[in-house]
Amino acid sequence: ALSAFPIDALCLGIDYEIYGGYPEEISKTKRRLQEENLTIPIIAKDFIVAPIHIAMLAEIGADAVILITTILGSTLEDLLNTCTLVGIEALVEVYTPNELRFALNAGASAILVNNFDRINNEFTPNQALGLRDLIPPNIITAVTGGITDFSSAARYAAAGYDALFLDSALVGSPPESSRPLVQRIRTLSRSPLQGMTPASIAADLSFASSSYYDNDVPS
């Protein structure tokens, strides 16, 4: 069951062509969480480009959305304002220092640093480590891309990231290996500058097949 994994959020990829998911999986997962008496927030992962898209996701139960700076450009600020109006949180994805500065100037209060370069389709494992010191201390920070084991999670926690997105480390792994990994990562503390608080964990289910939601999560 979902309750067997001590995670703080679920990230659902709902673009079928890219992630193999559907928007309906948000409401479906929301019902599953309610059945298990869980209050885990759901983060919608999609290529959002318009306010109506955000409103629709809020309507079907998403608690937060990911806004991708490199895609949105000058429209980012308007979509952040839309998130405020409809009562949904926004994680703003960045990859470069310029994207980070742009997102902060647009009013982002939560930054998701992606180690994957969407423009050049390249993976840069230390990208998030290089950007961490550029993020003000009052901003919520998260990192995604390449967190597949305890040592990689420990590096980002030590750098002061508030949350870690686990993708291939969780999805598709047998419960006997993935559950202990999640439990061990939860023991990590962030750097002293950030306070000795365990890092939060989001399970990124973007690359799970749609059948994952039709069956019980292994327990």
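Student: Leaving aside its neighbours within four places in sequence, which residues is L67 in contact with?

Tutor: This is a predicted model. In it, L67 touches I48, I54, L72, L76, L79, L80, C83, A90, L91, V92 and E93. L67 and I111 touch the most other members of the largest nonpolar core, which has 47 residues. The largest share of that core, four residues, comes from α5.

Student: Why are α3 and α5 called roughly parallel?

Tutor: Their axes cross at roughly 30 degrees. Angles under 35 degrees count as roughly parallel. Therefore α3 and α5 are roughly parallel to each other. Their axes come within 9 Å, and the crossing is right-handed.

Student: What makes the contact of α3 with α5, and how does it divide by class?

Tutor: P51, I54, A55 and A58 of α3 meet L79, T82, C83 and V86 of α5. Seven of these residues are nonpolar, one is polar and none is charged.

Student: Which residues of α5 and α6 meet?

Tutor: L76, E77 and L80 in α5 meet F102, A103 and A106 in α6. By class, the contact has five nonpolar residues, no polar ones and one charged.

Terms used:
Residues are numbered from 1 along each chain as its sequence is written. This is a predicted model: local features need pLDDT of at least 70, side-chain atom pairs count only at pLDDT 80 or more; totals for chains, interfaces and linings use all residues. Side-chain values use heavy atoms; hydrogens and water are left out. Axes are lines fitted to C-alpha atoms, for helices over the stretch in contact, and angles run from 0 to 180 degrees between N-to-C directions. Helices (H or I, at least four residues) and strands (E, at least two) are DSSP runs, numbered from the N terminus. Angles under 35 degrees count as roughly parallel, over 145 as roughly antiparallel, 65 to 115 as roughly perpendicular and the rest as oblique. A crossing is left-handed if the near helix is turned anticlockwise from the far one by less than a right angle, and right-handed if clockwise. Contact means heavy atoms within 4.5 Å. Ala, Val, Leu, Ile, Met, Phe, Trp, Tyr, Cys and Pro count as nonpolar, Asp, Glu, Lys and Arg as charged, and the others, Gly among them, as polar. A nonpolar core is a set of buried Ala, Val, Leu, Ile, Met, Phe, Trp, Tyr and Cys residues joined through side-chain atoms within 4.5 Å. Buried means under 20% relative accessible area, exposed over 50%, partly exposed in between (1.4 Å probe, protein chains only).
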